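I am opening a notebook on a structure that is new to me, and I mean to write down what I look up, step by step.

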Amino acid sequence: MGPRADAGGRAPHRSAGLLRWYPATWRERYGDELDALMADSLGGRPPSPRFRLSIAWAGLRERAHGSGLVGDGSPPAERVRGGSLLVLCAWTAFVVGGVGFSKTSEHFVGTVPASGRPLSTGSFDAVQVLASVGAVLVVLGAVLVLPAFVRFLGAGGWPAIRRRVLWAGAATVVTVAAVIPLGVIAHRLNSAQRNGADWHYSVGFAVVALASVATLALWTAAAVAAVQRMELRTGLVVAESALATALAAVMVLITGSTALWWGSMAFSAPWFLQGTSTGTPGSPFELNIVVAMALMLGATLAAGFGVVRMSRSWSRLLSG
Amino acid sequence: MPRTGPRTGEAGLRRPNDPPVLILTSLASGPKHGHALSKDIEDFAGVILGPGALYGAITRLEERGLIEPLESSDRRRPYRITTAGAAALAGAVADMRRLAEEGATRLTLSGGAI
């Protein structure tokens, strides 16, 4: 026993908060042991940033293990389910990037002369159609899993997801409560005021945007928590993974179409990207579209990882 | 070349400095809790395993049935190697020995000194 433990073997808790990086089920089994080991390792010193980072990384890896995203210890059905959920999470991040793209491309049809946008119009239309297809795939996935969700609730599953659902619900209320006055104010402002000239509106818009992202993320987390705990038949797991694969393909196509739109606008109308006067030369690397593209690309790569993870377990899942 | 024990890869043991190999090696001399394992591994292998890496490996080894926890009234729960764990370690050691012997043989044939 370490010299700094108390009589009951309970070590100081300077690092206890780090355990939150680990999933709850893991903490129930190993949390006390790891806490004691951290206390022994630190010897009363506060945890260094490197120490914190290593625990955070290990905790996230454990979460990934628990979700069937890494390692080969979990059953094929868990790995396929984990891959599907990763695609869903990636889609959430992708939607945030898509909203950024939507904001950048707002009114471009009415602003850029038709002769300068044949390619960008086609790619923009493709993004809109593909985004609708993606939304339909997500809704279809939710509808398919609905009976299992009802059974999950009937079997007493509500307490396991209650906290997440309540957080998501509260975030939704806050977002809606913020959106309504912002919408009223927006109607009283002109285009220039809505696009940065009125800093009060800009701050309000940023708050609403952050609240919307948080709401989306919290509902996704609630959905993931519920699906991870549900009993799903093999056929349903396979169907969900097929939808997830299709969704990942849609993300690839949207990312490609968005890049095409950006490239064509950079070539024919960079001034639109910068929001300057028609014909003014400028850089196509406007912050909003750069961040949106980075988010979409990162989300697409994550979805691709999820599909690869699923594909490696499909044959074992279907055969056994 | 014939194998004398369980395949190293099947037990999830890959390299000599992999945390699972180090933990099984440490537990081969008797049960230990996390801190004792960490100190022992640092002593015999010169490898410092952080708490996160150590417990990640302990989790995987317990899942595979290669180690098992012992009863403890303390939070510092000791672990011991199981029969399957000993067999897996024996396989890993045999693989490493074969590799070492192969390297030594080739160095001798090429005129090198070891």
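This is a predicted model: local features need pLDDT of at least 70, side-chain atom pairs count only at pLDDT 80 or more; totals for chains, interfaces and linings use all residues.

**Entry 1, the cores**

I looked up the largest nonpolar core, which has 44 residues, and found that Val87(A), Ala90(A), Trp91(A), Phe94(A), Leu247(A) and Met251(A) touch the most other members. The elements that give two or more residues to this core are α3, α5 (118-154), α8 (199-229), α9 (234-268), α10 (270-274) and α11 (287-319) of chain A. The most comes from α3(A), which gives 12 residues. I then followed Val87(A) and, setting aside its neighbours within four places in sequence, listed its contacts as Ala244(A), Leu247(A), Ala248(A), Ala303(A), Gly306(A) and Val307(A). There is also a second, separate core of 31 residues, and Leu24(B), Ile81(B), Leu89(B) and Ala92(B) are among them. As a general remark, nonpolar side chains tend to be buried together in soluble globular proteins.

I counted 11 helices and zero strands in chain A. Its C-alpha atoms fill a box of roughly 75 × 50 × 35 Å along the principal axes, and 31% of its 320 residues count as buried. Of the contacts in chain A with a separation of 6 or more, 80% are between residues 24 or more positions apart. The domain assignment divides chain A into domain 1 (16-63) and domain 2 (77-313), and the centres of these two domains, taken over C-alpha atoms, are separated by 33 Å.

Is Phe101(A) buried or exposed? I find Phe101(A) in helix α3 (residues 76-105) of chain A, and it counts as buried because 25 other C-beta atoms lie within 10 Å, where 20 or more are needed. Not counting residues up to four places away in sequence, Phe101(A) touches Thr258(A), Ile289(A) and Ala292(A). I also checked Phe101(A) against Val127(A): they are 26 residues apart in sequence, and their C-alpha atoms are 10.0 Å apart in space.

For Leu301(A), which has its place in helix α11 of chain A, the count is 14 C-beta neighbours inside 10 Å, so this residue is partly exposed. Leu301(A) and Val252(A) are 49 residues apart in sequence, with 8.7 Å from C-alpha to C-alpha.

I checked the length of helix α2 (residues 49-66) of chain A: at 1.5 Å a residue its 18 residues should span 26 Å, and the end C-alpha atoms are 25 Å apart, which agrees. The buried residues I noted in α2(A) are Ile55(A), Ala58(A), Gly59(A), Glu62(A), His65(A) and Gly66(A). They lie on the same side of α2(A), because they cover an arc of only 115 degrees around the axis. In general, an α-helix has 3.6 residues a turn, so residues three or four places apart point the same way. The face turned away from the buried side of α2(A) carries the exposed residues Pro49(A) and Arg50(A).

What covers the buried residues of α2(A)? The cover includes α1 (24-42) of chain A together with α3 of chain B. After α2(A) comes Gly68(A), whose phi is positive, near 75 degrees.

I turned next to the interface, where 16 residues of chain B are in contact with 21 residues of chain A. On the side of chain B that touches chain A, α2 (34-45) and α3 (51-63) of chain B each supply at least two residues, and the largest share, nine residues, comes from α3(B). By class, this side of chain B has four nonpolar, six polar and six charged residues.

Last, I looked at helix α4 (residues 83-109) of chain B, whose 27 residues should span 39 Å at 1.5 Å a residue; the end C-alpha atoms are 39 Å apart, which agrees. Its buried residues are Gly85(B), Ala88(B), Leu89(B), Gly91(B), Ala92(B) and Asp95(B). What covers the buried residues of α4(B) includes α1 (19-27), α3, β1 (67-69) and β2 (79-81) of chain B.

Methods
Residues are numbered from 1 along each chain as its sequence is written. Chains are lettered from A and ligands numbered from 1 in the order in which they are written. Two residues are in contact if their C-beta atoms, placed from the backbone, lie within 7 Å. Helices (H or I, at least four residues) and strands (E, at least two) are DSSP runs, numbered from the N terminus. Ala, Val, Leu, Ile, Met, Phe, Trp, Tyr, Cys and Pro count as nonpolar, Asp, Glu, Lys and Arg as charged, and the others, Gly among them, as polar. The expected span of a helix is 1.5 Å times one less than its number of residues. A residue is buried if 20 or more other C-beta atoms lie within 10 Å of its own, exposed if 12 or fewer, and partly exposed in between; C-beta atoms are placed from the backbone. Domain bounds come from an automatic or database domain assignment. A nonpolar core is a set of buried Ala, Val, Leu, Ile, Met, Phe, Trp, Tyr and Cys residues joined through C-beta atoms within 7 Å. The arc is that of the directions from the helix axis to the C-beta atoms.
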